[in-house]
Amino acid sequence: MTRIAAYVPDLMDRSKVAAAVPDVVFVATPAALATADADIVVVDLSRPGVLEVLPELMDTRTIGFGSHVHRDLLAAATAAGCREVLPRSRFFADLPALLS
């Protein structure tokens, strides 16, 4: 079974993730991702502290999402080590396939 940890503070976004993957474990801070026992980590790139923790997750499959208009943020996430960086709309459209 794939273990998934997520830092997704927005309640609407969180409910979409939980609907796709009921066993997801949500963490309260980005720093908690570094010690989460997970095969996949999902992050909302627009939240403070997320970019700083990404280099600590290099051995974990990380999937980040953010607004398509914030291209600098998406590029910074890739540079920081996020393996998959997606615009918010594509992330939620492809969510079940991404996390399976």
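This is a predicted model: local features need pLDDT of at least 70, side-chain atom pairs count only at pLDDT 80 or more; totals for chains, interfaces and linings use all residues.

1. One place to look is A6, which stands opposite F26 in β2.

2. Now zoom out to the whole sheet. It is open, has five strands and pairs in parallel, in the order β2-β1-β3-β4-β5. The edges are taken by β2 (25-26) and β5 (84-87), each with a single partner strand, so one side of each has no neighbour in the sheet.

3. Strand β3 deserves a slow look. On one flank, four bridges connect β1 (residues 4-7) to β3, running parallel, and A5 faces V41 there. On the other flank, five bridges connect β3 to β4 (residues 61-66), again parallel. D44 has F65 as its bridge partner in β4.

4. How many of the residues in β3 (residues 40-44) are buried? Five of five, so the strand is mostly covered by the under-20% cut-off for relative accessible area. In a regular strand, side chains alternate between the two faces of the sheet. In β3 both faces are covered: I40, V42 and D44 are buried on one side, V41 and V43 on the other.

5. D44 is the residue I would click on next. This aspartate lies in strand β3 and counts as buried, at 1% relative accessibility. Setting aside neighbours within four places in sequence, D44 contacts Y7, V8, P9, D13, V50, F65 and R88. The side chain of D44 also makes a polar contact with that of S46, at 2.7 Å. There is a salt bridge from R47 to D44 as well, with the closest N and O atoms 3.4 Å apart. R47 itself is partly exposed, with a relative accessible area of 28%.

6. Buried or exposed? D13 is buried, with a relative accessible area of 4%. Not counting residues up to four places away in sequence, D13 touches V8, D44, F65, R88 and F92.

7. On to the rings. The model has three aromatic pairs. In one of them, the ring centres of F65 and F92 lie 5.2 Å apart with the planes at 65 degrees, so the pair is edge-to-face. F65 sits in strand β4 and F92 in helix α4 (residues 88-93), so the pair ties together parts that are 27 residues apart in sequence. F65 is buried at a relative accessible area of 0%, and F92 is buried at 17%. F91 and F92 are also edge-to-face, because their planes meet at 80 degrees, with the centres 4.9 Å apart. Ring pairs link F65, F91 and F92 into a cluster.

8. Two charged side chains sit over rings. K16 lies over the face of F92, 4.8 Å from the ring centre. The charged end of R14 is over the ring of F26, at 4.6 Å from the centre.

9. Last, the salt bridges. Side chains of opposite charge can pair when their charged atoms come close. The count here is six salt bridges. One of them is between D37 and R3, at 2.7 Å from N to O. D37 is in the loop between β2 and β3 and R3 is in the segment before β1, so this pair ties together parts that are 34 residues apart in sequence. D37 is exposed, at a relative accessible area of 60%, whereas R3 is partly exposed, at 36%. Another joins E84 and R61, at 2.6 Å from N to O. That pair links distant parts of the chain, with E84 in strand β5 and R61 in strand β4, 23 residues apart. E84 counts as partly exposed at 23% relative accessibility, and R61 counts as partly exposed at 24%. Salt bridges with shared partners also join R3, D37 and D39 into one network.

Definitions and conventions. Residues are numbered from 1 along each chain as its sequence is written. Side-chain values use heavy atoms; hydrogens and water are left out. Buried means under 20% relative accessible area, exposed over 50%, partly exposed in between (1.4 Å probe, protein chains only). Helices (H or I, at least four residues) and strands (E, at least two) are DSSP runs, numbered from the N terminus. Two strands pair if DSSP finds at least two bridges between them. Rings of Phe, Tyr and Trp (its six-membered ring) pair if their centres lie within 6.5 Å; planes under 30 degrees apart count as stacked, over 60 as edge-to-face and the rest as tilted. A charge sits over a ring if NZ of Lys or CZ of Arg is within 6 Å of the ring centre and within 35 degrees of the ring normal. Contact means heavy atoms within 4.5 Å. A polar contact is a pair of N or O atoms within 3.5 Å; within protein, one must be able to donate a hydrogen and the other to accept it, and residues adjacent in sequence count only if both atoms are side-chain atoms. A salt bridge is a side-chain nitrogen of Lys or Arg within 4 Å of a carboxyl oxygen of Asp or Glu.
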